[in-house]
Amino acid sequence: MLLITSPLLQRAGVRHGFSTRKGGVSDGRYATLNVGGKWGDDPERVAHNRRRLAAAGAFELGRLFTARQVHGARVAVVVEGVLPERVAEVEADVVVSLVPGTTCGVFTADCVPILVSDDEGRVAAAHAGWRGTVAGAAQAAVEALVSVGARRESIRAALGPSICVRCFEVGEEVAAEFDRVAPSSVRRAPGEKPHVDLQAANRALLLDAGLAPDHLDAAPPCTACDRERFFSFRRDGAGIGQHLSFVVAP
Ligand SMILES: [Zn+2]
């Protein structure tokens with residue numbers, strides 16, 4: 001099992017992790033640690049992979065909360081007594097919890113997973129592809145934590161493995177959206193289509209949301225560049241595995 005962690009969150013004592021494709025039982029395009037259920041892998045293998053990941057990450061699978069991700073910025077808040085199956089039906093790209101022992105998670109395969117936590121046990125996981133980034137998923141995670149009582153200056157965020165600027169060529173319409181929300185994330189070179197740096201865009205948006213620069217861990221590896229360690233939608237198309245990024249409310 002290869003689990004990536006953020007030194008920043010690690011130092012703050014936040015239990016969390018970003019899964020990779022290593023250490024599971026799936027094969028072919030799902031090899032090996034596919035924990036996503038939507039792209040046709042054998043459900044038994046997915047379940048087995050999830051159990052392995054939960055054991056490695058020391059979180060309770062029965063208390064893992066994920067939402068139905070739709071590339072937006074809506075927030076699902078986990079409250080005492082709500083069941084994971086219920087939250088799984090909610091269309092949201094940010095999951096927030098302050099219920100001890102629960103885990104917030106997002107699935108990705110190129111999109112940016114963002115794990116957020118304050119000093120008092122409030123946690124959030126956000127999923128930010130290009131649409132979610134433009135929609136403001138990162139800020140929505142910060143504002144959701146603040147709205148349930150977090151002090152903004154105590155909030156830390158870590159970006160997980162996601163597509164890099166070299167691998168993320170986009171059309172002019174998409175680049176124009178980023179010119180609007182995070183202009184420094186757009187790269188243009190003569191004779192080339194524009195490229196967008198999703199990681200830099202989310203970094204800039206989190207700073208805009210009031211996070212201190214030293215409360216940001218924002219230089220993760222690229223999923224598309226590294227076939228050995230990561231699934232990548234841009235590189236391999238649909239019908240592949242997915243990673244889970246998770247953060248545990250203590
Ligand atoms: Zn790359």
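**Ground rules**

I number residues from 1 along each chain, as its sequence is written. Since the model is predicted, I take local features only at pLDDT of at least 70 and side-chain atom pairs only at pLDDT 80 or more, while totals for chains, interfaces and linings use all residues.

**Overall build**

I began with the secondary structure, which comes to eight helices and 13 strands. Helices here are DSSP runs of H or I with at least four residues, strands are runs of E with at least two, and both are numbered from the N terminus. The radius of gyration is 17 Å, close to the 18 Å that the globule rule gives for 250 residues, so the protein is as compact as a globular protein of that length. That radius is taken over C-alpha atoms, and the rule is 2.2 Å times the number of residues to the power 0.38. I get a box of roughly 55 × 45 × 30 Å for the C-alpha atoms, along the principal axes.

Next I looked up burial: 51% of the 250 residues count as buried. The cut-offs are 20 or more other C-beta atoms within 10 Å for buried, 12 or fewer for exposed, and partly exposed in between, with C-beta atoms placed from the backbone. I also checked contacts (C-beta atoms, placed from the backbone, within 7 Å). Among those between residues at least 6 apart in sequence, 61% join residues at least 24 apart.

**The open sheet**

I traced an open sheet of five strands, in the order S1-S2-S13-S6-S3, with mixed pairing. Strands S1 (3–4) and S3 (64–65) are at the edges with a single partner strand each, so one side of each has no neighbour in the sheet. Two strands count as paired if DSSP finds at least two bridges between them.

Going through the pairs, I find S2 (residues 16–19) antiparallel to S13 (residues 243–248) over three bridges, with Gly 17 bridged to Phe 246. S13 also pairs with S6 in the antiparallel sense, over six bridges, and there Val 106 sits opposite Ser 245. S3 and S6 are parallel over two bridges, with Leu 64 opposite Thr 103.

I then checked S6 (residues 103–108) for cover, and six of its six residues are buried. Thr 103, Gly 105 and Phe 107 are on one side, and Cys 104, Val 106 and Thr 108 are on the other.

**Around S5**

S5 (residues 94–97) has a parallel partner in S4 (residues 75–78), over four bridges. Val 78 is bridged to Ser 97 there. S5 and S8 (residues 123–128) are antiparallel, also over four bridges, and Val 96 has Ala 124 as its bridge partner. Val 94 and Val 96 point one way, Val 95 and Ser 97 the other, and all are buried.

I turned to helix H5 (residues 137–147), where nine of the eleven residues are buried. Its cover includes S4, S5, S7 (112–117), S8, H4 (130–135) and H7 (198–208).

The largest nonpolar core has 71 residues, and Val 94, Val 95, Val 116, Ala 124, Ala 126 and Ala 141 have the most contacts inside it. Such a core is a set of buried Ala, Val, Leu, Ile, Met, Phe, Trp, Tyr and Cys residues joined through C-beta atoms within 7 Å. H5 gives the largest share of this core, seven residues. Apart from it I found another core of five residues, among them Tyr 30, Ala 109, Phe 230 and Phe 231.

I listed what Ala 126 touches, leaving out residues up to four places away in sequence: the partners include Val 94, Val 106, Val 116, Ala 138 and Ala 141.

I noted a cis peptide bond from Ala 31 to Thr 32, with omega near -15°. Thr 32 is in the loop between S2 and H2.

Ala 58 has a positive phi of about 55° without being a glycine, in the loop between H2 and S3. Ala 58 counts as exposed because it has 10 C-beta neighbours inside 10 Å.

His 71 has a positive phi too, near 60°, and is in the loop between S3 and S4. With 17 other C-beta atoms within 10 Å, His 71 is partly exposed.

Definitions and conventions: Two residues are in contact if their C-beta atoms, placed from the backbone, lie within 7 Å.
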